[in-house]
Amino acid sequence: AEEEVRSGSFVLIHVLLAGVCAAFLAGDLFHLYVAFEVVLIASFALLGLGRGAERRKATITYLLPSLVSSMLLLVGVGLLYGVAGTLNMADARLRLAEAGPSLAVSGAAGLLALAFCLKAAAFPLHVWLPASYAAAPPPLAALFAALLTKIGVYALLRLLTLVLPGEASWLGPTLLVLAVPTMVVGVLGALGQWDMQKLLSFHVVSQVGYLLLGVALGTPLALAATVYYLFHNSVAKCGLLLVTGVVRARRGTDRLADLGGLARGEPWLAGLFLVSALALAGLPPLSGFWAKLFVFKAGLEADAAALVAVAAVVSLLTLWSMAKVWVYAFWGEAPEAAAGAAGAAGVAGAAGAAGVAGAAGAGRGADLVPLALLAAVSIALGLAAGPALDVAQRAADQLIEPTDYVEAVLREGG
């Protein structure tokens with residue numbers, strides 16, 4: 001909303017992005033903890049800028065699990081330091097390998113994994129995400145969905161492949177068990193929603209399940225598929241939530257029962273929604289098809305056919321939920337209430353979703369530009385799936401065998 005812009009939301013967004021970048025660049029566990037805290041402070045402040053009881057409730061719902069996660073992470077980092085005598089990930093790998101498995105190492109691994117699963121919104125620690133994301137302005141929800149759960153998954157990747165590749169062998173099977181209910185609960189929750197943003201918020205949880213499946217399998221193809229899936233999902237999910245913002249701007253609501261006829265009145269918006277929706281559901285030739293195909297292939301190669309079957313059913317249910325949005329919001333006839341709300345009341349209600357440009361009416365075409373760019377990335381990532389997978393495979397090879405990374409870090413540190 002306009003008052004949020006005046007209160008410094010742009011600055012907070014840059015602080016949030018700095019924290020996300022720091023998390024991906026962190027070379028030791030304490031720096032990773034600090035990066036997570038920067039992200040937490042910025043995201044909490046962004047959520048707290050809004051007014052209204054629902055927004056305040058969402059802010060508290062978001063904050064409390066995040067604080068618990070931070071506490072678990074800090075305790076886990078301290079316990080691991082007590083065992084290894086270092087927090088540098090490369091150095092800790094060597095020292096923990098020399099020390100061998102122990103109760104303290106398993107305890108530290110459990111605390112760290114629990115903290116990262118909470119940040120990634122894995123089942124059964126996912127309840128906070130739909131409750132908080134659904135109340136955020138769509139642009140903010142898009143930013144959160146694209147980045148925040150992904151750094152939790154990335155941290156799990158680093159924990160399993162670099163810090164504790166052999167000292168906590170139970171972590172992989174545990175994540176495998178969590179992946180299936182994360183997918184299923186997320187997609188079933190989405191099917192039960194009638195607000196676009198709430199529906200898409202549940203899909204954030206469901207998609208985390210696919211990522212956990214790839215991390216848990218741990219094979220070269222599975223990790224490459226996870227890296228590819230991270231990029232695909234960030235783009236598709238961001239595009240869909242931004243579509244929600246434009247729909248709110250032009251109709252004053254995102255409730256499916258109050259929409260209809262958008263495909264005729266807003267053909268470009270409908271087309272851009274369709275690209276991101278079909279990418280999320282996994283239809284060819286878009287990026288989601290290849291992302292899921294790579295995960296399925298990795299699962300079959302790892303003799304996890306039952307898990308692949310569940311993931312395929314979840315993909316069909318995802319397509320069903322996207323079809324539900326299409327039928328109710330973009331097809332059919334616009335209800336009289338929605339048509340009447342498309343004037344001044346709709347513009348007023350859209351301020352939080354589309355910003356000052358949408359309210360002024362001058363940016364009616366400009367608000368489709370970021371949607372078009374994201375849709376183009378989904379198409380390009382699908383058409384160039386082979387080269388993109390090659391890049392992801394190189395990243396996966398370094399995750400599985402980080403000898404060069406360890407040597408470079410220790411040589412530079414020495």
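The legends below accompany close-up views of one predicted model.

In this predicted model, local features need pLDDT of at least 70 and side-chain atom pairs count only at pLDDT 80 or more, whereas totals for chains, interfaces and linings use all residues. Residues are numbered from 1 along each chain as its sequence is written, and side-chain values use heavy atoms, with hydrogens and water left out.

View A. L40 lies in α3, which covers residues 29-48; helices here are DSSP runs of H or I with at least four residues, numbered from the N terminus. With a relative accessibility of 5%, L40 counts as buried (buried means under 20% relative accessible area, exposed over 50%, and partly exposed in between, with a 1.4 Å probe and protein chains only). When neighbours within four places in sequence are left aside, L40 is in contact with Y62, L63, S66, L67 and S70, where contact means heavy atoms within 4.5 Å. The C-alpha atom of L40 is separated by 34 Å from that of G299, which is 259 residues apart from L40 along the chain.

View B. Rolling a probe the size of a water molecule over the atoms shows where empty space is left. On a 1 Å grid over the protein atoms alone, a cavity is a set of points where a 1.4 Å probe fits but cannot get out, a pocket is an open set with protein on both sides within 12 Å along at least five of seven lines, and lining residues have an atom within 4 Å of a point. By this rule the model has 1 cavity of 30 Å³ or more. The largest cavity has a volume of about 150 Å³, a volume being the space filled by probe spheres set on the grid points, which are joined across faces, edges and corners. It is lined by 13 residues, of which Y62, S66, K119, W128 and L148 are the closest to its centre. Helices α3, α4 (53-84), α6 (103-120), α7 (128-133) and α8 each supply at least two residues of this lining, and the largest share, 4 residues, comes from α4. The lining of the largest cavity divides into 10 nonpolar, 2 polar and 1 charged, with Ala, Val, Leu, Ile, Met, Phe, Trp, Tyr, Cys and Pro counted as nonpolar, Asp, Glu, Lys and Arg as charged, and the others, Gly among them, as polar.

**View C. The second largest pocket.** The second largest pocket has a volume of about 580 Å³. Its lining comprises 22 residues, and those closest to the centre of the pocket are F24, Y154, V227, L230 and F231. At least two lining residues are supplied by each of α2 (9-25), α8 (138-163), α11 (220-251), α19 (369-383) and α20 (385-400), while the largest share, 8 residues, comes from α8. By residue class, the lining of the second largest pocket divides into 17 nonpolar, 3 polar and 2 charged.

**View D. D91 and R95 in helix α5.** D91 lies in α5, residues 89-99, and forms a salt bridge with R95, the closest N and O atoms being 3.2 Å apart (a salt bridge is a side-chain nitrogen of Lys or Arg within 4 Å of a carboxyl oxygen of Asp or Glu). Because D91 and R95 are 4 residues apart in helix α5, they are separated by about one helical turn. D91 is buried, with a relative accessible area of 17%, whereas R95 is partly exposed, with a relative accessible area of 36%. Not counting residues up to four places away in sequence, D91 touches T86 and L410.

**View E. Salt bridges of R250.** The model contains 6 salt bridges by the rule used here, and R250 takes part in one with E266 (2.5 Å, N to O). R250 lies in helix α11 and E266 in the loop between α12 (262-265) and α13 (267-281), so this pair ties together parts that are 16 residues apart in sequence. Both R250 and E266 are buried, the relative accessible area of R250 being 9%. The side chain of R250 also meets that of D367 in a salt bridge (2.8 Å, N to O).

**View F. Helix α15 and the residue G332.** Helix α15 (residues 305-330) has 26 residues and reaches 36 Å from its first C-alpha to its last, close to the 38 Å expected at 1.5 Å a residue, where the expected span is 1.5 Å times one less than the number of residues. The helix is followed by G332, whose phi is positive, near 70°.
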